[in-house]
Amino acid sequence: MGCATGTIKYSLFLFNALWAILGIVVIVFGGLGVGAMPQYYAIGIMVLGGVILLISLFGCCGAIRESCRMLWTYVTLLLILLALIIAFIVLNPRDTFKKYAIQLVEQQWQQELTKPGSMDFIQKTNSCCGRNGPDDYKTIGHLDDIVPSSCCKGNNCMNPSYVYIEGCLSRVEKVFADEAITWQYCEWGLLGFDLIILTLAIILAIHYSNRRRRYNY
C-alpha cells in the first residue's frame with residue numbers, strides 16, 4: 001500500500017495545485033466579467049474562485065502533513081463545494097447572461113438618443129451597429145444620418161463595406177448564446193474535477209485514519 005499511498009498522495013497534491021490555478025482563473029474571469037454580467041454574478045464567481053483557492057491550499061497541507069483530520073475536513077469542504085456547484089447547475093437559468101446583455105443594449109440605446117456615443121463601446125466590442133441595424137441612426141437623425149465611427153471596421157466609415165450591418169441586439173444575443181454553452185462546459189468541468197479530487201482525498205483520508213488506528217492499538 002506504501003507505493004499506492006505515495007502515488008495517491010502526490011496525485012492529490014498535483015490536482016490541488018491545478019485546483020488552485022483554476023481558482024485563480026475563476027477569480028480573474030469574475031473580475032473581467034464586471035460590467036458584462038450582473039454584478040452579483042461577477043461577485044459570486046470571484047467568491048467561488050476564492051473558495052476553490054483556499055480549499056486547494058487546505059488540501060495540499062493535509063496531503064503533505066499526512067493529517068487525517070485535515071483531510072476529512074478537506075473532504076467535507078469539497079462535499080459542500082460539490083453541492084454548491086450542483087445547485088448552481090440546476091438552479092441557474094442558462095439565459096441569465098444573455099438577458100442581461102440584451103437589457104444593457106436596450107439601456108445604452110435609450111441613452112444614445114439623448115447622449116450620442118453611449119453605444120460606442122458595445123458596437124466596437126461586438127462589431128455591430130445600432131439597436132437593430134445601421135438604419136436606426138437614420139431614424140434618430142444622427143449627424144445627418146451618418147453612423148458613428150464605432151459602427152465601422154477600424155473606425156473607418158468612408159468605405160460603405162466597412163459598416164457593420166448587424167444590429168447589436170441580434171449580435172449580442174448570438175455571442176451570449178455561444179458563451180452560455182462554454183460556461184455550461186465549465187460548470188461540468190468544475191464538477192468533474194471536484195469529484196476526482198474528492199475521490200483521492202477520501203481514499204487518502206481512510207488510509208491515514210486506518211494507519212492511525214493501528215498505531216493506537
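This tour moves through the structure in a series of selections and describes what is found at each stop.

**Confidence**

The structure is a predicted model. Begin by colouring the protein chain by pLDDT: the mean is 80, and 86% of the residues reach 70 or more. Next, select helix α1 and helix α5 (residues 120–126). Confidence is lowest in α1, with a mean of 76, and highest in α5, with a mean of 89. Where pLDDT is low, the predicted coordinates should not be read in detail.

**The aromatic cluster**

Three aromatic pairs are present in the structure. Select Phe15 and Phe193 and display their side chains. The two rings form an edge-to-face pair, 5.7 Å centre to centre, with 65° between the planes. Phe15 belongs to helix α1 (residues 2–32) and Phe193 to helix α7 (residues 168–216), so the pair ties together parts that are 178 residues apart in sequence. Phe15 is partly exposed, its relative accessible area being 25%.

How is the ring of Trp19 placed against that of Phe193: stacked or edge-to-face? The pair is stacked, with 5.2 Å centre to centre and 15° between the planes. Here again distant parts of the chain are linked, for Trp19 in helix α1 and Phe193 in helix α7 are 174 residues apart. Both Trp19 and Phe193 are buried. With all three side chains displayed, one sees the cluster into which ring pairs link Phe15, Trp19 and Phe193.

In soluble globular proteins, nonpolar side chains tend to be buried together.

Now switch to a surface display and select Leu14, Leu18, Ile21 and Val25. These residues make a nonpolar surface patch of about 370 Å². Leu18, one of the four, lies in helix α1. Its relative accessibility is 41%; because buried means under 20% and exposed means over 50%, Leu18 counts as partly exposed.

**The salt bridges**

The last stops are the salt bridges, of which the structure holds three.

Select Glu106 and Arg131 first. In this salt bridge the closest N and O atoms are 2.8 Å apart. Glu106 is in helix α4 (residues 96–114) and Arg131 is in the loop between α5 and α6 (135–139), so that distant parts of the chain, 25 residues apart, are linked. Glu106 is partly exposed at 26% relative accessibility, and Arg131 is partly exposed at 25%.

Move on to Asp135 and Lys138. Their salt bridge has its closest N and O atoms 3.9 Å apart. Both residues lie in helix α6, where they are three residues apart, about one turn of the helix.

Finish with Glu166 and Lys174. The closest N and O atoms of this salt bridge are 3.0 Å apart. Is Lys174 buried or partly exposed? Lys174 is partly exposed, with a relative accessible area of 47%.

Notes. Residues are numbered from 1 along each chain as its sequence is written. Side-chain values use heavy atoms; hydrogens and water are left out. Rings of Phe, Tyr and Trp (its six-membered ring) pair if their centres lie within 6.5 Å; planes under 30 degrees apart count as stacked, over 60 as edge-to-face and the rest as tilted. Helices (H or I, at least four residues) and strands (E, at least two) are DSSP runs, numbered from the N terminus. Buried means under 20% relative accessible area, exposed over 50%, partly exposed in between (1.4 Å probe, protein chains only). pLDDT is the predictor's confidence in each residue, from 0 to 100. Patches are made of residues with over 30% relative accessible area and no salt bridge: like charges are joined within 9 Å, nonpolar side chains (Val, Leu, Ile, Met, Phe, Trp, Tyr) within 5 Å. Accessible areas come from the Shrake-Rupley method with a 1.4 Å probe; for residues, only the protein chains shown count as cover. A salt bridge is a side-chain nitrogen of Lys or Arg within 4 Å of a carboxyl oxygen of Asp or Glu.
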